[in-house]
Amino acid sequence: MHSLCYWGADFLLLLTNMAALRRSIACLNFFRSTAESVLNSRKPLRQRLVRCRAVTRTSLVSLSVGSGLSAVPFMQQVENLSHESLIRSASSMVTDSANTYLSQTTQALVDSITQYAKALHTLISLQRRYLASLEKLSTAEEDAIWQVIIAQRVEVGDRLDECNRFESNWINAVNLCEMAAEAAYNTGAEHASVTAKTNLQVAKVQVEEVRQISVDAERKLTETQAEEIQRMAEYAFIESGGDDVHEAYLRED
């Protein structure tokens with residue numbers, strides 16, 4: 001029994017010593033990390049300035065490349081380019097701008113001609129309906145229909161003026177694109193030249209197709225107006241008693 005108590009006391013003493021050892025190790029680790037922080041904060045000022053200058057130089061170089069023409073790295077790149085390459089690049093940019101101008105004016109002209117053709121077809125439809133019901137209309141109904149026809153004729157005239165205005169812009173764009181394509185070819189920018197010529201061909205085909213639609217509509221309107229003139233002459237002849245005069249003339253024969 002006495003030996004058991006003695007062994008228990010030794011075990012408790014061992015546990016106490018181990019806890020103290022762990023606390024000592026923790027303190028040593030804390031002092032070590034603190035010492036490293038202090039030493040780092042006491043590095044010579046010259047070393048910190050050298051590092052700062054290196055970071056600043058790197059930032060300035062990065063900024064100079066993307067900020068403007070006056071930066072030294074970018075100027076060195078420009079100086080390495082030949083005059084021919086610079087001219088070729090400039091002609092390619094001009095060709096791109098000319099292609100954009102041509103695309104916009106072509107779309108405007110195509111839309112305006114399409115609207116003009118629609119206005120023509122509407123006018124044709126109104127005039128044909130008027131001719132079909134000419135003898136059935138009262139004076140008030142005839143006047144009302146004529147007001148609609150006159151308004152539609154004004155609409156046709158406005159659409160035609162719009163077509164002429166956009167066509168003028170489109171012709172300027174075509175001429176500009178042709179000159180840009182030639183300039184690109186002469187400077188060696190073959191790809192830009194071929195692209196411009198292809199866009200020119202496509203634009204001309206689009207305009208020609210929609211022009212054909214408007215030409216057909218104008219032809220139909222001319223035919224309708226000729227029919228209208230003939231029908232109006234016949235109607236006026238009938239209203240004036242022309243049939244009675246004609247029958248009396250036949251009886252006399």
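**View 1. Cys 177, a cysteine at 0% relative accessibility**. Cys 177 counts as buried, meaning under 20% relative accessible area with a 1.4 Å probe and protein chains only. Cys 163 is buried too, at 5%. As for disulfides (pairs of cysteine sulfur atoms within 2.5 Å), the structure holds zero. Bear in mind that this is a predicted model, where local features need pLDDT of at least 70, side-chain atom pairs count only at pLDDT 80 or more, and totals for chains, interfaces and linings use all residues. Residues are numbered from 1 along each chain as its sequence is written, and side-chain values use heavy atoms, with hydrogens and water left out.

**View 2. The largest nonpolar core, with 31 residues**. Such a core is a set of buried Ala, Val, Leu, Ile, Met, Phe, Trp, Tyr and Cys residues joined through side-chain atoms within 4.5 Å. Leu 102, Leu 120, Tyr 130, Val 156, Trp 170 and Cys 177 touch the most other members. Helices H4 (83-132), H5 (139-186) and H6 each give two or more residues to this core; helices here are DSSP runs of H or I, at least four residues, numbered from the N terminus. H4 supplies the largest share, 13 residues.

**View 3. Tyr 130 and its contacts**. Leaving aside residues up to four places away in sequence, Tyr 130 touches Leu 137, Glu 142, Ile 145, Trp 146, Ile 149, Glu 228 and Met 232. Contact means heavy atoms within 4.5 Å.

**View 4. Ser 214 in helix H6**. H6 runs over residues 190-239, and Ser 214 is buried there at 7% relative accessible area. Beyond residues up to four places away in sequence, Ser 214 touches Ile 113, Tyr 116, Ala 117 and Leu 120.

How values were computed. Buried means under 20% relative accessible area, exposed over 50%, partly exposed in between (1.4 Å probe, protein chains only).
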